[in-house]
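Dear colleague,

I am handing over the structure we spoke about, together with notes on what was found in it. Please read the notes beside the model.

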2 protein chains.
Amino acid sequence: MTLDSETKAVELPEHHGDELRLWLRLLTCTTLIEGEVRSRLRERFDVTLPRFDLMAQLDKVPEGMTLSDVSKRMMVSNGNVTGLVERLVESGHLDRRTSEVDRRVQVIRLTKAGRAEFRKMAAEHELWIADIFGDLTPKDVRELMRLLAKTKTSAQKSARARGD
Amino acid sequence: MTLDSETKAVELPEHHGDELRLWLRLLTCTTLIEGEVRSRLRERFDVTLPRFDLMAQLDKVPEGMTLSDVSKRMMVSNGNVTGLVERLVESGHLDRRTSEVDRRVQVIRLTKAGRAEFRKMAAEHELWIADIFGDLTPKDVRELMRLLAKTKTSAQKSARARGD
DNA sequence: CCAGATTTCTTTAAGTTTCAAGCAATGGCG
DNA sequence: CGCCATTGCTTGAAACTTAAAGAAATCTGG
C-alpha cells in the first residue's frame with residue numbers, strides 16, 4: 001500500500017491554474033497584436049499577413065529557399081505554402097523554379113518588384129511594432145526575450161517528449 | 001532651425017530591432033504551443049482548437065452568452081462565430097435559442113453532453129499546458145504574467161490611438 | 001409615431017489552414 | 001540493376017477566418 005499512496009500523491013490534483021492563465025494571456029497578447037498588424041497591413045498596403053510573413057522569410061535569404069524550408073520556418077503545413085506561393089507568383093512577387101539537382105525541389109525567391117515592395121512594408125511594419133511595444137522599457141524587453149526563450153525551449157521539450 | 005534639428009532628432013532612424021525580435025519570439029512561442037495543443041486535441045479527442053476555445057468560453061457562463069459576446073471574447077469576427085456555432089449545434093454540443101427580449105440576439109449554451117465532454121477535455125488540457133510550461137519556475141510564471149499584462153496594455157493603447 | 005442610426009446576426013467571396021492521400025524524384029541497399 | 005523507403009511537393013476535402021455587404025430588430029430624436 002505504500003506504493004499506492006505514493007502514486008496517489010503524485011496524481012493529486014495539483015495547482016496548474018497559473019500556467020493555464022499564463023497561456024491564455026500569452027495567446028491574448030499575440031492575437032491582439034496579430035490582429036493589429038493584420039489590419040494595418042490591409043489598410044496600408046492591401047496585403048494579407050501570411051503573404052507578408054512569407055515575403056519576410058524570403059527577404060532574409062536572397063538566393064531563395066525551398067518550399068519545405070519555408071514551411072518549417074513558418075511552422076505551417078506544406079500544402080499551405082503551396083497555395084500561398086501560387087498566389088504570390090501569380091501576383092509577380094515571387095519567382096519560382098525547379099532545382100536542377102533535384103527535380104522535386106522548388107526554389108522560390110523574391111522578384112525585384114517583390115523585394116522592393118516588401119522592404120517598403122517592412123520599414124513601416126517595424127515602426128508599428130515599436131509603437132505596439134512602446135510601453136515596455138529596454139529592461140522589460142530583455143526580460144521578456146529571456147523568459148520567452150525559456151518558454152520556447154520548455155514547449156519544444158514537451159512536444160519532443162510526446163513524439164513531435 | 002532649432003525646431004528643425006529637434007524634429008530631426010525625433011525622426012532619426014531609431015533602434016527598433018529589439019522590439020521586432022521580441023514580437024517574432026512571442027509569435028513563435030504562441031504558434032509552437034498552439035500547434036502542440038491543436039494536435040493533442042485532435043489526437044486525443046478529435047476536436048479542433050476553435051471548437052474547444054468556444055466551448056471554454058461557454059463553460060464559464062452556464063446561463064449562456066450571445067454570439068457577440070463570444071465574438072468579442074474570442075477576438076474573432078461575427079461571421080466566424082456564426083459558422084462555428086452552427087457546427088457545434090449540429091453536433092449536439094451547443095444549445096441555441098433566440099432571446100425573448102431582443103429577437104436579434106441568439107443565446108448559446110453548452111448542452112449537458114457538451115459540458116460533460118468539455119470538462120473531460122479541459123482537465124487533460126490543463127495538464128498539457130502545465131507540462132508545456134514545465135521548465136518555468138513559479139517566479140518565471142509570475143514575471144511573464146506581469147510583463148505580458150504590460151504588453152497587452154501597451155498594444156491596446158497603440159490600437160486605440162489608431163482608431164481601434 | 002416614425003425615419004434614420006445602431007446593433008445583432010447571417011451571408012458571401014476570397015483566402016488561409018490543416019490533414020490525409022497521392023505522385024514524382026531521390027537515395028540506399030541487396 | 002531494381003525494390004522500397006524517404007523526401008518534396010501537390011491535391012482535395014473540410015474547416016476556419018476575415019472583410020464587407022445585407023437583413024432584421026431595436027433604439028432614438030424629433
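B:Ile132 and B:Ile33 lie 99 residues apart along the chain, while their C-alpha atoms are separated by 7.5 Å.

Before going further, please note that this is a predicted model, in which local features need pLDDT of at least 70 and side-chain atom pairs count only at pLDDT 80 or more, whereas totals for chains, interfaces and linings use all residues. Residues are numbered from 1 along each chain as its sequence is written, chains are lettered from A and ligands numbered from 1 in the order in which they are written, and side-chain values use heavy atoms, with hydrogens and water left out.

In chain A, helix H6 (residues 112-132) has 21 residues and reaches 30 Å from its first C-alpha to its last, close to the 30 Å expected at 1.5 Å a residue; the expected span is 1.5 Å times one less than the number of residues. The buried residues of H6(A) include A:Gly114, A:Phe118, A:Trp128 and A:Ile132, and what covers the buried residues of this helix includes helix H2 (17-45), helix H3 (49-59) and strand E3 (106-110) of chain A, together with helix H2 (17-45) and helix H7 (138-162) of chain B.

The axes of H6(A) and H2(B) come within 8 Å and cross at roughly 80 degrees, which means that H6(A) is roughly perpendicular to H2(B). Axes here are lines fitted to C-alpha atoms, for helices over the stretch in contact, with angles running from 0 to 180 degrees between N-to-C directions; angles of 65 to 115 degrees count as roughly perpendicular, under 35 as roughly parallel, over 145 as roughly antiparallel and the rest as oblique. H6(A) contributes A:His125, A:Glu126, A:Ile129 and A:Ala130 to the contact, and H2(B) contributes B:Gly17, B:Glu19, B:Leu20 and B:Trp23.

A:His93 sits in the loop between helix H5 (78-90) and strand E2 (94-98) of chain A, and at 14% relative accessibility A:His93 counts as buried. Its side chain makes a polar contact with the side chain of A:Ser91 at 2.6 Å (a pair of N or O atoms within 3.5 Å; within protein, one must be able to donate a hydrogen and the other to accept it, and residues adjacent in sequence count only if both atoms are side-chain atoms). Leaving aside neighbours within four places in sequence, A:His93 is in contact with residues including A:Met55, A:Gly114 and A:Glu117.

Finally, some backbone angles deserve a look. A:Met75, in the loop between H4 and H5 of chain A, is not a glycine and yet has a positive phi of about 55 degrees; at 34% relative accessibility, A:Met75 is partly exposed. B:Asp46, in the loop between H2 and H3 of chain B, likewise has a positive phi, of about 50 degrees, and is exposed at 61% relative accessibility.

How values were computed:
Helix = DSSP H or I, 4+ residues; strand = E, 2+ residues; numbered from the N terminus. Buried < 20%, exposed > 50% of the residue type's maximum accessible area, 1.4 Å probe, protein only. Contact = heavy atoms within 4.5 Å.
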